[in-house]
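Keep the viewer open as you read.

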Amino acid sequence: VDATAGLEKMAEELNPVDATAGLEKMAEELNPVVKFYDPLNLVEAEFWGDSQEATIGFLRHAEIKHGRVAMAAFVGYCVQSNFHWPWAMTLEGDSFPSTDLSPEQQWDVIPEIAKWQILLVIGFLELWGENPTPENPHYMRGGKPGVYPSFDLFRELVHPLPFNLYDPFNLSKNASEEKKKSGLLKEINNGRLAMLGIFGFLSADKIEGSVPLLKGIAIPYDGDVMATFAADRHIF
């Protein structure tokens, strides 16, 4: 949670004048061995004809967001490989998929309506995260990369919600700047590791022997992880 608050300080350090220098400094703090690594020179790009600052905001937000998704996916993979909810999954009384199945196989066997429910919730969160407010400008328009808007407007217009997705317990509100910055660096590094971890699991299940460390854990999967609903119905 401290990591999200640290985004405020890091965003202030990145402006059009010293954007590259700020990224290089942050990269060295993240990994003193690799340091700044940008083989495609994206730091000087101007995506969609926009400014360099907007492009850097987009790239930083994308990495933070994908890191968070990967951390959730990695933990979810580990948990659902060993546990499932004890109650019924459907109104007809069907139970959740057995832990004898791999997470990929579990996804294949749940009802299509369940997949739609999951995807629609994800879609809502994605759209809500792109919604700028006076307190939270868009990350490509001077906002803080990684910050997620509160649900205050949703509570007011639609339905009450107990927590915000961003700093739900307000634990970082009064944290020191040093602690915020340290938390952000940890979050980015953990996100990078989680991205490698979840794709390691998927690769090990799909291609036998591709990840030797997971040889005794992987459950062979002959399906298609990119086929969201069925083998002949791809989104990508």
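A polar contact here is a pair of N or O atoms within 3.5 Å; within protein, one must be able to donate a hydrogen and the other to accept it, and residues adjacent in sequence count only if both atoms are side-chain atoms. With that in hand, look at threonine 90, whose side chain reaches the backbone nitrogen of aspartate 94 at 3.1 Å. This is a predicted model, in which local features need pLDDT of at least 70, side-chain atom pairs count only at pLDDT 80 or more, and totals for chains, interfaces and linings use all residues. Residues are numbered from 1 along each chain as its sequence is written, and side-chain values use heavy atoms, with hydrogens and water left out.

Threonine 90 sits in the loop between H3 and helix H4 (103-109). Helices (H or I, at least four residues) and strands (E, at least two) are DSSP runs, numbered from the N terminus. Is threonine 90 buried or exposed? Its relative accessible area is 17%, so threonine 90 counts as buried, a label that means under 20%, while exposed means over 50% and partly exposed lies in between (1.4 Å probe, protein chains only). The C-alpha atom of threonine 90 is 9.0 Å from that of alanine 114, 24 residues apart along the chain.

Now zoom out to the whole chain. The protein chain has 7 helices and 0 strands, and buried residues make up 33% of its 236 residues. Taking a contact as heavy atoms within 4.5 Å, 55% of the contacts between residues at least 6 apart in sequence join residues at least 24 apart.

Two residues in the loop between H2 and H3 deserve a look at their backbone angles. Most residues other than glycine have a negative phi. Lysine 35, in that loop, has a positive phi near 60°, and asparagine 41, also placed there, has a positive phi near 55°. Lysine 35 is partly exposed at a relative accessible area of 43%, and asparagine 41 is partly exposed at 37%.

Grid points are joined across faces, edges and corners, and a volume is the space filled by probe spheres set on the points.

How many cavities of 30 Å³ or more are there? The count is 2. The largest cavity has a volume of about 60 Å³, and its lining includes His61, Asn131, Tyr139 and Lys144. The second largest cavity holds about 50 Å³, with Glu63, Met71, Glu187 and Arg192 among its lining residues. Helix H3 (52-80) and helix H7 (177-206) each supply at least two residues of that lining.

Note on methods. On a 1 Å grid over the protein atoms alone, a cavity is a set of points where a 1.4 Å probe fits but cannot get out, and a pocket is an open set with protein on both sides within 12 Å along at least five of seven lines; lining residues have an atom within 4 Å of a point.
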